[in-house]
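Subject: Structure for you to look at

Hi there,

Could you open it in your viewer and read along?

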Amino acid sequence: PLTNASPLTSRSVAHGALIFNNVTIGNNGVWSGGSGPVTMNGNLSCNGNFTSGSGVYTFAGTTKTISGTASPFSITTATATGTITNTAGNLVIPTLNVTSPGTFTNKGVLTVSSTLGGTGTYYNANNGTLYYGAAATPGVTTFDASTFIPNTVVYTGASPAIRVPASSYYNLTFNGIGTAFLTTPGITVTDSLNVLAAIFNDAG
């Protein structure tokens, strides 16, 4: 593993495709990414400083985790092709795509500001919180916020289109601006619905 990396230079990760197994960045460690693609086949843990760079990170392992206390822990663009679980307390992935048969399970705090897409499955799971900031609805093929509870989904964008999942939400919050509206009429929230700003339109 890469432990207490101090520092990993931009040049080290900017040229060509890089493949890692388990990576651990300790409290005083620094990960400095570049423009090249990075494949993670193992676990990624960061308690230090993490700068992803502009390259796409592909998480391809089976039953692997993203974890750590780094704040923020930001990856500009990520694709999950394996079975990935996030337990990090402040993971920021502006663009996250989940490619079938891959799954991405969030048990920590995840912020997606631009895109949550792909042909795979996203689970918002036990004690997980998703902050979703785009106006367009999450486009990932399967969006599941009810199988593993309790969990919370918070829409923070301007006039967001709220996805109506096949089953339900557990906790659903709108904390953006403008009018939040459902993509189709009818929604089930099994614990709490919170509208903290602007207007909620149920499309009914």
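A nonpolar core here means a set of buried Ala, Val, Leu, Ile, Met, Phe, Trp, Tyr and Cys residues joined through side-chain atoms within 4.5 Å. Please keep in mind that this is a predicted model.

The largest nonpolar core has 41 residues, and the members that touch the most others are F73, I75 and F104. Among the strands, β22 (residues 169-174) gives the most to this core, contributing 3 residues.

F73 deserves a click of its own. Setting aside its neighbours within four places in sequence, F73 is in contact with L44, C46, F50, I66, S67, A88, N90, L91 and V92.

Next, have a look at strand β23.

Strand β21 (residues 161-162) pairs with β23 in the parallel sense, over 2 bridges, and F181 in β23 is the bridge partner of A161. Strand β25 (residues 199-201) pairs with β23 as well, again in the parallel sense, over 3 bridges. There, N201 of β25 is the bridge partner of F181.

- S100 to P101 is cis, with omega near 10 degrees; P101 sits in the loop between β13 (95-98) and β14 (103-106).
- I149 to P150 is cis, with omega near 5 degrees; P150 is in the loop between β19 (142-144) and β20 (152-155).

Then there are the positive phi values. T63 is not a glycine, yet its phi is positive at about 55 degrees. T63 lies in the loop between β7 (56-59) and β8 (64-67). Is T63 buried or exposed? With a relative accessibility of 66%, T63 counts as exposed, because the cut-off for exposed is over 50%.

S159, also a residue other than glycine, has a positive phi near 45 degrees, and its place is in the loop between β20 and β21. The relative accessible area of S159 is 33%, so this residue is partly exposed.

Happy browsing, and do write back with any questions.

Best wishes

Definitions and conventions:
Residues are numbered from 1 along each chain as its sequence is written. This is a predicted model: local features need pLDDT of at least 70, side-chain atom pairs count only at pLDDT 80 or more; totals for chains, interfaces and linings use all residues. Side-chain values use heavy atoms; hydrogens and water are left out. Buried means under 20% relative accessible area, exposed over 50%, partly exposed in between (1.4 Å probe, protein chains only). Helices (H or I, at least four residues) and strands (E, at least two) are DSSP runs, numbered from the N terminus. Contact means heavy atoms within 4.5 Å. Two strands pair if DSSP finds at least two bridges between them.
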